[in-house]
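The following exercises concern a predicted model. Each task is followed by a solution in steps.

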Amino acid sequence: MPKRPDGIIRSFGMSGAQIAADIEQVETRYQIELGFRNGLREARQLENYDQFESAIRSQASEMSEYYEIFFCLENSIRTMISRTLQDAEEGDWWDTDRVDPAIKKEVQDRINKESEAAMTARSENKIDYTTFGELAVLINKNWDIFEPLFTTRSAVQRVLFQLNHLRNPIAHCCPLAEDEKDRLRLTVKDWFRIIA
């Protein structure tokens, strides 16, 4: 059987991705459904919510990309911070003076609030209850162990501050303006750029 060049396969995959993106743009622009998103919904095993307006479903589909970016980024940053602090401490690093008391209090308040609302705990790890701003404080307070991981302290603070602001519309289910989408893409690139 003859081998197929990787370039042809890669080109085929990229063409399919471009066609899918173009179909989504047409659906969004003209607020119509060509059946493309329904196929995606079924593939993701989501229920069909036809009772919602087409425009809202369209925005939700578009915003899912940005939620996914934030989900990956936020969780990978927390994992990196947690592993770095764990490597520096013998026991549970959260209970040491490496964590600012104000952050510990805010996190405990969030845990208590969710518990009192009879919600399932989002995590067993307290770091999962922190904001980007609090993560910036954690890195800054422990710069001695984070310095080898990053290019500069000020860059880390700036990027995390920017991410904290960009997260709000996504977390509160608001569509992002085009310039904010660009800002998010650049900020994510900045994050990976500042990792040494």
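**Exercise 1.** Determine whether phenylalanine 150 is buried or exposed, and describe how its ring is paired with that of tryptophan 143.

*Solution.* Step 1: phenylalanine 150 has a relative accessibility of 3%. Buried means under 20%, so phenylalanine 150 counts as buried. Step 2: tryptophan 143, with a relative accessible area of 10%, is buried too. Step 3: a search of the whole structure finds five aromatic pairs. In the pair of tryptophan 143 and phenylalanine 150, the ring centres lie 6.3 Å apart and the planes meet at 20°. Planes under 30 degrees apart count as stacked, and the pair is therefore stacked. Step 4: ring pairs join Trp143, Phe150 and Trp191 in a cluster.

**Exercise 2.** Describe the surroundings of arginine 78.

*Solution.* Step 1: arginine 78 is located in helix α3 (residues 54–88). Step 2: its relative accessible area is 6%, so arginine 78 is buried. Step 3: beyond its neighbours within four places in sequence, arginine 78 is in contact with Ile127, Asp128, Thr130, Thr131 and Leu135. Step 4: a polar atom of the arginine 78 side chain lies 2.3 Å from the backbone oxygen of threonine 130.

**Exercise 3.** State how helices α5 and α7 are oriented relative to each other.

*Solution.* Step 1: the axes of α5 (residues 132–141) and α7 (residues 153–171) come within 8 Å and cross at roughly 165°. Step 2: angles over 145 degrees count as roughly antiparallel, so α5 is roughly antiparallel to α7. Step 3: the crossing of α5 and α7 is right-handed. Step 4: the residues making the contact include Leu135 and Ile139 of α5 and Leu160 and Leu163 of α7.

Definitions and conventions. Residues are numbered from 1 along each chain as its sequence is written. This is a predicted model: local features need pLDDT of at least 70, side-chain atom pairs count only at pLDDT 80 or more; totals for chains, interfaces and linings use all residues. Side-chain values use heavy atoms; hydrogens and water are left out. Helices (H or I, at least four residues) and strands (E, at least two) are DSSP runs, numbered from the N terminus. Buried means under 20% relative accessible area, exposed over 50%, partly exposed in between (1.4 Å probe, protein chains only). A polar contact is a pair of N or O atoms within 3.5 Å; within protein, one must be able to donate a hydrogen and the other to accept it, and residues adjacent in sequence count only if both atoms are side-chain atoms. Contact means heavy atoms within 4.5 Å. Rings of Phe, Tyr and Trp (its six-membered ring) pair if their centres lie within 6.5 Å; planes under 30 degrees apart count as stacked, over 60 as edge-to-face and the rest as tilted. Axes are lines fitted to C-alpha atoms, for helices over the stretch in contact, and angles run from 0 to 180 degrees between N-to-C directions. Angles under 35 degrees count as roughly parallel, over 145 as roughly antiparallel, 65 to 115 as roughly perpendicular and the rest as oblique. A crossing is left-handed if the near helix is turned anticlockwise from the far one by less than a right angle, and right-handed if clockwise.
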